[in-house]
Structure formats: C-alpha cells, structure tokens
Amino acid sequence: MPRTSWLGSGVSMRRAAVLALALAVSAGGALADGVGVGDSAPAFTLPKAAGGELALADLRGKVVCLDFWATWCATCKAALPALDALARRGGFEDVRFLAVNIDRDGKLPDRFVVERLADTKMTLLRDDGGVLLARYGAEGMPALYVIDRDGVVRHVEAGYETAALQQVERVLDSLIAPRP
C-alpha cells in the first residue's frame with residue numbers, strides 16, 4: 001500500500017521535511033529515505049512515560065501500531081484520542097499501540113495525557129527531540145506505521161483524517177486474522 005499524506009492537516013509537507021532534516025542533523029546522522037511499506041521496521045528501545053523501557057524486538061510476534069506525535073502538532077492532538085479509541089476496540093487486544101512523543105520537554109505531553117488520555121490503552125513512549133522519528137523519515141505529523149508480526153511495515157500514514165484511521169483499522173484487521 002502506498003504512503004499517504006494530506007496537505008493542510010497538521011504540519012505541512014515542507015515544514016515536515018525541514019523538521020525531519022533538522023532532527024536528522026541534530027541526531028548526528030544523515031537523512032535517509034523514509035521507511036515505507038515492505039521495509040523492516042527500524043529497531044529501537046525507548047523509555048516509557050510510566051518508567052522502564054520498551055524495545056520493538058520485545059514485541060516480535062505481535063502486530064504493532066506505532067504513532068509519532070507532539071504537543072505542538074494540533075493534528076496529532078486530534079488524532080491521538082481517536083487512535084486510543086481504536087486501541088480499545090474489541091478484537092485488537094493482541095495489537096500493541098505505541099504512542100511516541102517527540103517533545104523535548106516531557107512535562108507537556110504528560111499534562112496532555114493526564115487531561116485527555118488519563119486511562120489510555122496505548123503504551124506511551126518518549127523520543128525526546130525526535131531521533132527515532134528522523135530514522136523513520138516521516139513525511140508529516142502525526143506519523144503512523146503499522147508493523148506486522150515479523151517486523152515488516154505494512155502501512156504508513158502521514159497526517160490524520162478519519163478515513164485514514166478507518167484504513168488503518170482495515171489493515172490491522174487483515175494482520176490479526178488467523179494465518180492459514
């Protein structure tokens with residue numbers, strides 16, 4: 001499936017490209033092509049907002065919905081509660097929903113979560129400054145990656161629209177269906 005993005009929803013494509021480039025440079029690396037459908041998901045270990053760490057490798061064998069967000073991104077703040085509602089949907093108990101915040105100041109996302117997602121079903125992770133986001137090469141914010149049980153990216157979204165979340169839901173349904 002192709003990557004999709006929506007101009008005018010959240011961060012513009014130009015601003016997203018500048019942000020990704022700045023993040024890559026600040027992380028000391030060069031900007032690589034973005035992670036796309038069919039690519040292996042880049043490995044990571046990130047701190048959990050609640051304490052401890054989570055590695056993507058720990059979730060091998062599970063379907064993962066990985067979403068990058070920031071408090072300065074109005075579209076992200078609209079998308080995150082909708083994604084949390086999807087995480088609560090029956091049948092998705094074996095899908096791991098990871099919400100990765102890229103703000104440098106952890107107090108801002110903590111306050112947002114307390115106010116809007118106090119009882120979230122997602123695992124909240126921190127990518128202070130967006131180093132992992134730069135490795136994924138996102139084309140916009142929010143940036144969402146659906147990863148299959150084998151660690152392969154099966155769907156990519158940049159931006160947010162209700163129809164896009166419905167597509168994510170269909171992809172997740174197809175990935176959790178029993179294997180023949």
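Q: Is Asp-173 buried, partly exposed or exposed, and what is its relative accessible area?

A: Good place to start. Buried means under 20% relative accessible area, exposed over 50%, and partly exposed in between, with a 1.4 Å probe and protein chains only. Asp-173 has a relative accessible area of 30%, so Asp-173 is partly exposed. Do keep in mind that this is a predicted model, where local features need pLDDT of at least 70, side-chain atom pairs count only at pLDDT 80 or more, and totals for chains, interfaces and linings use all residues. Residues are numbered from 1 along each chain as its sequence is written, and side-chain values use heavy atoms, leaving out hydrogens and water.

Q: Which residue forms a salt bridge with Asp-173?

A: The general idea is that side chains of opposite charge can pair when their charged atoms come close. A salt bridge here is a side-chain nitrogen of Lys or Arg within 4 Å of a carboxyl oxygen of Asp or Glu. For Asp-173 the partner is Arg-89, with the closest N and O atoms 2.8 Å apart. Asp-173 sits in helix α5 (residues 162–176) and Arg-89 in the loop between α2 (74–87) and β5 (95–101), so the pair ties together parts that are 84 residues apart in sequence. Helices (H or I, at least four residues) and strands (E, at least two) are DSSP runs, numbered from the N terminus. Arg-89 is partly exposed as well, at 26% relative accessibility.

Q: How many salt bridges does a search of the whole structure find?

A: The search finds five. One of them joins Arg-126 and Asp-110, at 2.1 Å from N to O. Arg-126 lies in strand β6 (residues 123–126) and Asp-110 in helix α3 (residues 107–116), 16 residues apart. Arg-126 is buried at 18%, whereas Asp-110 is partly exposed at 35%. Another pairs Arg-154 with Asp-148, whose closest N and O atoms are 2.8 Å apart. Through shared partners, salt bridges also join Arg-89, Glu-169 and Asp-173 into one network.

Q: Which residues touch the most other members of the largest nonpolar core?

A: In soluble globular proteins, nonpolar side chains tend to be buried together. A nonpolar core is a set of buried Ala, Val, Leu, Ile, Met, Phe, Trp, Tyr and Cys residues joined through side-chain atoms within 4.5 Å. The largest one here has 50 residues, and those touching the most other members are Phe-44, Leu-66, Phe-68, Phe-97, Tyr-136, Tyr-145 and Leu-172. Strand β4 (residues 63–69) gives the most to this core, with six residues.
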